[in-house]
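Dear colleague,

Please find below the structure that I am handing over to you. My notes on it come directly after.

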Amino acid sequence: LPNWSDDSITSAAIVDIPSLPDGFIIMFAGNMGEAQNLENVLVAANLLKADTHIQWVFVGDGRKKQWVEDFVAKNDLAETVHLMGRYPISYMPTFFKYADLMLVSLQDKPVFNLTLPAKVQAYMSCSKPILAMLNGEGQDVIHSADCGWCVSPDDVDGLVRTVRELASYPLGILKEKGKNGYEYYTTHFDKTICLDALESDLLSMKDTVS
């Protein structure tokens, strides 16, 4: 049974948030932990730091946040990498509004390749195009929905090339990918659809047992 986007996201009003940088914004929102493969994401950001129109924005917290802060300081990335801190989930649509791409990333491990991160549905529900650095189920869904671009978890050079390419794309192409994601979300990941599918499966199991 897949996740659906939190009601706090799909029904949230626009709120005041801190100013975000000018430029082409790639935004990561959510848990900043070991599973999120932030090492490779930040290596890519470091390789792109001369491209100052490309801005990386991280919204969230987690065990890896201090490591990210240290990496940013060590590599003089303060001009292009920004850590906004943790905010309530109801703030996410406002943050998402200012992003050109939403980033999802996972390490290349069997358990994560079977996982569809919940942020994918959150991004889709807000009509945002997705940049993914992962394998497995997450990549399959993004390809099926035609809602973004994917590279493998260890392909740092691929991420760099993709980001540079997308930063020059017309805005209409990005919006079209976001629209595709929203349409896929409403037909596959809407809360009512997911719960109806669960109810149907449980009734089927009950009939089988009976």
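Predicted model: local features only at pLDDT ≥ 70, side-chain atom pairs only at ≥ 80, totals over all residues.

The largest nonpolar core has 33 residues, and within it Met 27, Phe 95, Phe 96, Met 124 and Ile 130 touch the most other members. Several elements each supply at least two residues of this core: the strands are E1 (24-29), E2 (54-59), E4 (101-105) and E5 (130-133), and the helices are H4 (92-97), H6 (118-125), H7 (137-145) and H9 (171-188). The largest share, four residues, comes from H6.

Phe 96 illustrates how parts of the chain meet there. Setting aside neighbours within four places in sequence, Phe 96 is in contact with Met 27, Ala 29, Met 102, Ala 122, Tyr 123, Cys 126 and Lys 128.

The buried residues are Lys 119, Val 120, Gln 121, Ala 122, Tyr 123, Met 124 and Ser 125.

H6 packs against H9 at an angle of about 110°, and the two axes are 7 Å apart. That angle makes H6 roughly perpendicular to H9, and the crossing of the two helices is left-handed. On the H6 side the contact involves Gln 121, Met 124 and Ser 125, which meet Gly 181, Tyr 182, Tyr 184 and Tyr 185 of H9. Sorted by class, this contact has four nonpolar, three polar and no charged residues.

The residue Ser 127 follows H6 and has a positive phi, near 60°. Ser 127 is placed in the loop between H6 and E5, and with a relative accessibility of 33% this serine counts as partly exposed.

**Helices H2 and H3**

The second pair is H2 (38-47) with H3 (residues 65-74). The axes of H2 and H3 come within 11 Å and cross at roughly 20°; these helices are therefore roughly parallel to each other. H2 passes H3 in a right-handed crossing. From H2, the residues in contact are Leu 38, Glu 39, Leu 42, Val 43 and Asn 46, and from H3 they are Trp 67, Val 68, Phe 71 and Val 72. By class, the contact of H2 with H3 has seven nonpolar, one polar and one charged residues.

Asp 76, in the loop between H3 and strand E3 (81-85), has a phi near 55°, a positive value in a residue other than glycine. Asp 76 is exposed, with a relative accessible area of 63%.

**Three further residues**

Glu 34 is found in the loop between E1 and H2. Glu 34 is partly exposed, at 39% relative accessible area. Not counting residues up to four places away in sequence, Glu 34 touches Glu 39, Lys 64 and Gln 107; Glu 39 is also one of the H2 residues in the contact with H3. From Glu 34 to Met 124 the separation is 90 residues in sequence and 24 Å in space, C-alpha to C-alpha.

Pro 117 sits in the loop between helix H5 (110-113) and H6. This proline is buried, with a relative accessible area of 10%. Leaving out residues up to four places away in sequence, Pro 117 touches Val 104, Leu 106 and Leu 134.

Thr 162 belongs to helix H8 (residues 156-166). Thr 162 is likewise buried, at 15% relative accessible area. Beyond residues up to four places away in sequence, Thr 162 touches Leu 131, Trp 149 and Val 151.

Yours sincerely,

A colleague

Notes:
Residues numbered from 1 in each chain as written. Heavy atoms only, no water. Core = buried A, V, L, I, M, F, W, Y, C linked by side-chain atoms within 4.5 Å. Buried < 20%, exposed > 50% of the residue type's maximum accessible area, 1.4 Å probe, protein only. Contact = heavy atoms within 4.5 Å. Axes fitted to C-alpha atoms, helices over the stretch in contact; angles between N-to-C directions. Parallel < 35°, antiparallel > 145°, perpendicular 65-115°, else oblique. Left-handed = near helix turned anticlockwise from the far one by under 90°. Nonpolar A, V, L, I, M, F, W, Y, C, P; charged D, E, K, R; others polar.
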